[in-house]
Amino acid sequence: MANLAASLPITRPLSDLRTQLNDVYAQAAGSQEPVVPTENGIASYMLMDSDAYALVALA
């Protein structure tokens, strides 16, 4: 069951970018995983910590 959770993206409602931006930022930085804001249940963007992106881009 842990493997299933690891493969699911971190999703947040798009409204969280307006109301809880610091929390969204902290989640992206702390998890080193992309955070996917959704609008009406559909992915609209992908946010990723710049250090995590650098690791992915160099791989």
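**Figure 1. Ser50 in helix α4 of the predicted model.** Ser50 belongs to helix α4, which covers residues 50-58; the model shown here is predicted. With a relative accessible area of 55%, Ser50 is exposed, because the threshold for that class is over 50%. The view also includes Ala28, which is 22 residues away from Ser50 in sequence. In space, the C-alpha atoms of Ser50 and Ala28 are 9.5 Å apart.

**Figure 2. The open sheet of three strands.** The strands run in the order β1-β2-β3, and their pairing is mixed. The edge positions are taken by β1 (10-13) and β3 (42-43). Each of these two has a single partner strand, so one side of each lacks a neighbour in the sheet. In general, strands of a sheet pair through backbone hydrogen bonds, in a parallel or an antiparallel sense. Here, β1 and β2 are parallel and share four bridges, whereas β2 and β3 are antiparallel, with two bridges. Strand β2 spans residues 35-39 and is mostly covered, four of its five residues being buried.

**Figure 3. The hairpin formed by β2 and β3.** Two residues lie between the strands of this hairpin. Asn40, in the turn, has a positive phi of about 55°. Across the antiparallel pair, Glu39 stands opposite Ile42 of β3, and Thr38 has Ala43 of β3 as its bridge partner.

Figure 4. Thr38 is part of strand β2. The relative accessible area of Thr38 is 18%, so this residue is classed as buried, the cut-off being under 20%.

**Figure 5. The salt bridge between Arg12 and Asp16.** Arg12 forms a salt bridge with Asp16, and the closest N and O atoms are 2.8 Å apart. The count of salt bridges comes to one. The side chains of Arg12 and Asp16 are also joined by a polar contact of 2.8 Å. Both Arg12 and Asp16 are buried. On the strand side of the view, Arg12 has Pro37 in β2 as its bridge partner.

**Figure 6. Asp16 in helix α2.** Asp16 is found in helix α2, made up of residues 15-19. Asp16 has a relative accessible area of 11% and is therefore buried, since the limit for that class is under 20%. When neighbours within four places in sequence are set aside, Asp16 is in contact with Leu21 and Val24.

Terms used: Residues numbered from 1 in each chain as written. Predicted model: local features only at pLDDT ≥ 70, side-chain atom pairs only at ≥ 80, totals over all residues. Heavy atoms only, no water. Buried < 20%, exposed > 50% of the residue type's maximum accessible area, 1.4 Å probe, protein only. Polar contact = N/O pair within 3.5 Å; in protein donor to acceptor, adjacent residues only side chain to side chain. Contact = heavy atoms within 4.5 Å. Pairing = 2+ DSSP bridges. Salt bridge = Lys/Arg side-chain N within 4 Å of Asp/Glu carboxyl O.
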